[in-house]
Amino acid sequence: DWNMPDYISEAVEKIRAQVGTDDVILGLSGGVDSSVAAALIHRAIGDQLTCVFVDHGLLRLDEGKMVMDMFAKNLGVKVIRVDAEEQFMGHLAGVTDPEQKRKIIGREFVEVFQVESGKLVNAKWLAQGTIYPDVIESAGKGKKGQTIKSHHNVGGLPDTMKLKLLEPLRELFKDEVRKLGVALGLPHDMVYRHPFPGPGLGVRILGEVKKDYADLLRRADAIFIEELRNTPYEPVVVPGFDQDSVPTNWYEATSQAFAVFLPVKSVGVMGDGRTYEYVVALRAVQTQDFMTAHWAHLPHSLLGKVSNRIINEVRGINRVVYDISGKPPATIEWE
Ligand code: XMP
């Protein structure tokens, strides 16, 4: 149990002592860890920090704008936004294999990041939002046997970059990182967001990734998330249970929730007409560690409302299904 203002001033002093007058680069993904690292380092060294935010075109609705508003506008952090959608879509064209897609996205990310950071000739440090569980996990690599999915954490260190590593969150657990983020002034909703995979919507569009599919998926996903946030969760209050962690809505009551784009068409009817359009699957899970997970028993009224809204508001989708598979045997993501 530590005192937050003391922790921040200690961490700030440590970063200042470490980097001196050098410049620092950080790959900002919009995720919790890199965001908190950016806010902390910016508190310590201000304009000596430059963030590179690669928009690969596989982000959620308005995510790029949100990242820029939060960091560049509100916090005054230097952020270079790279619009690399076309480059990513180009390399993903015709590729259907999930592992292949992950590899391409990871490779292109490193490529784009390297080009951008290569322009910052004075940078001596690469900052990363590595947290304690990541340190443990990479120490255990190789003992786990077969990889089920290659988890590319977008932002991995390119070996050829001759930069020193700055990892100010290395000793923190996720809940501590979140508390630190709030104390540094990041919005609560951002800091408590569900995890989002590095390859983004690339693993939520089955088979070939296309911009049109991503656009439909983004809108369907935003409706689902909005309704989860707006639907109250009636908690079972256990005496003595930490009140901080009692969920107030269905977004908080789930560990991860999202829409998946299925590139198959089915027949529907709208007005006097027949439709022949795509399918969206909704996925919502509850889990402690993401290694095993249960599908969330969302209220039928909530599912019904989300389905109606998606079909009415997203032209191109005429059917919505709910995924009731546990992990194992299914994984959380569909690819
Ligand atoms: P699965 O689908 O394997 O996912 O049950 C477990 C957790 O890991 C996330 N995930 C990823 N995260 N890069 C990431 O950074 C990836 O390639 C990746 N694949 C899955 C997934 O969202 C879930 O939280």
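Student: How many Å separate the centres of domain 1 and domain 2, taken over C-alpha atoms?
Tutor: Keep in mind that this is a predicted model: local features need pLDDT of at least 70, side-chain atom pairs count only at pLDDT 80 or more, and totals for chains, interfaces and linings use all residues. Residues are numbered from 1 along each chain as its sequence is written. Domain 1 runs 4-191 and domain 2 runs 204-322, with bounds that come from an automatic or database domain assignment. Taken over C-alpha atoms, their centres are separated by 27 Å.

Student: How many residues of domain 1 are in contact with domain 2?
Tutor: Two residues are in contact if their C-beta atoms, placed from the backbone, lie within 7 Å. On the domain 2 side, 9 residues take part. On the domain 1 side, the number is 10.

Student: And which residues have the most contacts inside the largest nonpolar core?
Tutor: A nonpolar core is a set of buried Ala, Val, Leu, Ile, Met, Phe, Trp, Tyr and Cys residues joined through C-beta atoms within 7 Å. Buried means 20 or more other C-beta atoms within 10 Å of a residue's own, exposed means 12 or fewer, and partly exposed is in between, with C-beta atoms placed from the backbone. The largest core has 82 residues, and the ones with the most contacts inside it are V24, L26, I41, C51 and A220.

Student: Where does this core lie relative to domain 1 (4-191) and domain 2 (204-322)?
Tutor: Look at who contributes: both domain 1 and domain 2 give residues to this core. That is why the core lies between them.

Student: Which residues is V24 in contact with, leaving aside neighbours within four places in sequence?
Tutor: V24 is one of the residues with the most contacts inside the largest core. Leaving aside neighbours within four places in sequence, the list for V24 is V19, I41, I45, Q48, L49, A123, W125, A127 and L166.

Student: Is S34 buried or exposed?
Tutor: The UniProt annotation "binding site", from an unreviewed entry, covers S34 along with S29, G30, G31, V32, D33 and S35. Its positions are in the numbering used here, its feature names are shortened, and such annotations may be inferred rather than shown by experiment. S34 sits in helix 2, helices being DSSP runs of H or I with at least four residues, strands runs of E with at least two, both numbered from the N terminus. S34 has 24 C-beta neighbours inside 10 Å, so S34 counts as buried.

Student: What about G31: how many other C-beta atoms lie within 10 Å?
Tutor: G31 is in the loop between strand 1 (23-28) and helix 2 (32-45). G31 is partly exposed, and its count is 19.

Student: Where does D62, with its phi near 60°, sit?
Tutor: Positive phi turns up here in a residue other than glycine. D62 counts as exposed because it has 11 C-beta neighbours inside 10 Å. Its place is the loop between strand 2 (49-55) and helix 3 (63-74).

Student: What is omega for the cis peptide bond from P328 to P329?
Tutor: P328 and P329 both come in the segment after strand 9. The bond from K327 to P328 is cis too, with omega near -15°. For P328 to P329, omega is near 5°.
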